[in-house]
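Dear colleague,

Please find the structure below, handed over for your review. A summary of the findings follows it.

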Amino acid sequence: MKTKLLGLLSAFCITITANAQTDWAPKTTIDNATGDTPYAIDSGLMDNDGNIDILIGTEADNIIVWYKGNGDGTFSKQAEITNTLVNLGSIKLADLNNDTHMDILAAGYGNYTGSIGSDSKIVWFQGDGTGSFGAEQLITDAYDGMSGIFVGNIDAGTTPDIALTSNADNQVVWLSNDGSGNFTVGGTIDNTLSGPGVVNMKDIDNDGDLDALIGTTNYAGDVLEIFRNDLIPGGAVAFTKDATSVATGKAGLFYVSFEDLDGDANLDILATEISYGSGPTGHLYWYEDNGAGFTETTFTTSTNNPSMAQAKDLDNDGLVDIILSSGALGDVIDLVWFKNNGDGTFGPEQIINDTQSQVYVFTVADFDGDLDLDIASNAYGADNLNYIENLYETLSVADFDATSIKIFPNPTKDVLTFEGINETIKISVFDVLGKQVLEQTLNYGETLNVSQLVSGLYTIKFNNKFASKFIKE
């Protein structure tokens, strides 16, 4: 499949399009027996064949398994990865030892009864780039009830560190990576919040370091807080909580992230409040920084149990849309999306799928190589892993007079050269998960330097209207 993909990419001619619509194929079940209660998911290049793979973890029986992507929207289940986690709740793919291969990071919450959160630990499994993974390696078991994990460069180093929430110990800490996958406690982000459950990080104040967004999960009186990192300009990692909370009085913050939802170059906040038992109905929130604090907007949604929300460009118009899943059990609407109108507003809820059960988590990537973003989701209540193809359809041709643009060399190690461009255009590059990693305006005859990108498969967009793919070696 890789040979076929490279051949197509090398000779690929692009017809720039402007008007399109997004629809969704019926759910395809990848695995109808994943193990008991699949609760964690991620996707990425696990065997370096150019096709995006899926990794999942199950909560009740602690199964870790990956599904090899075939590049056409089909997947092949691989052997389970032996582990000793208890109540696996989070899983991520990251290159933890700086060898360019994806490793597996996983967290087990620990016991739900007795001494709550005991036997919790975070571990990692070294990947060799072929889809094989080494034995479990302990990162830490010093905290109870570890649930939320974030991976990124928190200190001044160049290798990914870890932030984690200890729900039972009321702590959020970060662990420093020495570059070889060895971790030591870097410090405390916070130890004042009750029941921290989720942490995400981005540079909200544009000073060059990662700040923390933390939500609590007590299902009563929960709060959403920002902690700003003083690595720059202070010179050392240290976190200070904002004087004013982003939100208070919530009931179970399940997912929180910094996102620029309205395209103003300032990071907003996307958050979900999940319904629990007989508790109140959950919500999907957008928090916009108005300069004097955050203004809350509540999305109108048909689900009373919002779980994960992600901001992704589903219709290739250069604007991030919102995908929302439901953790409700039974015959409900499981996945919906809200189209970004480009004027600071979003369109009404549109149904993606309503044939699953308890879609707490999902992952978004171009799994079939057709230049749009698809969805893979865990059905927690049905023990299924499912795939939903994005049927993005082009309706009419505009701009560039149907010019053919050729990209070469492909694969590349350092620069991309373009044929067929006869005017100034904006080029944007996105990784396999839809994150923009490069943007540049090019004039006629100029090349694009991609040497700073890590090895992998990338999407390239021209004037935010159409896209192709290239491989960075």
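Does tyrosine 380 count as buried or exposed? Tyrosine 380 counts as buried, because its relative accessibility is 16% and the limit for a buried residue is under 20%. Please note that the model is predicted.

Aromatic pairs

The structure holds 15 aromatic pairs. In one of them, tyrosine 39 and tyrosine 360 have ring centres 5.5 Å apart and planes at 75°, so the arrangement is edge-to-face. Tyrosine 39 belongs to strand β3 (residues 38-44) and tyrosine 360 to the loop between β27 (350-353) and β28 (362-365), so this pair ties together parts 321 residues apart in sequence. Tyrosine 360 counts as buried, at 14% relative accessibility. Tyrosine 360 also forms an edge-to-face pair with tyrosine 380, with 5.0 Å from centre to centre and 85° between the planes. Tyrosine 380 is located in the loop between β29 (374-379) and β30 (384-388), 20 residues from tyrosine 360. Ring pairs join Tyr39, Phe254, Tyr360 and Tyr380 in a cluster.

A four-stranded sheet

An open, antiparallel sheet is formed by four strands in the order β11-β12-β13-β14. Its edge strands, β11 (146-152) and β14 (183-190), each pair on one side only. On average, neighbouring strands are turned by 25° against each other, direction ignored. Five bridges connect β12 (residues 161-166) with β13 (residues 171-177), and serine 166 stands opposite glutamine 171.

Asparagine 191 lies in the loop between β14 and β15 (196-202). Asparagine 191 counts as exposed, at 51% relative accessibility. Beyond its neighbours within four places in sequence, asparagine 191 is in contact with Asn170 and Gln171.

Yours sincerely

Conventions. Residues numbered from 1 in each chain as written. Predicted model: local features only at pLDDT ≥ 70, side-chain atom pairs only at ≥ 80, totals over all residues. Heavy atoms only, no water. Pairing = 2+ DSSP bridges. Helix = DSSP H or I, 4+ residues; strand = E, 2+ residues; numbered from the N terminus. Axes fitted to C-alpha atoms, helices over the stretch in contact; angles between N-to-C directions. Buried < 20%, exposed > 50% of the residue type's maximum accessible area, 1.4 Å probe, protein only. Contact = heavy atoms within 4.5 Å. Phe/Tyr/Trp six-rings, centres within 6.5 Å; stacked < 30°, edge-to-face > 60°.
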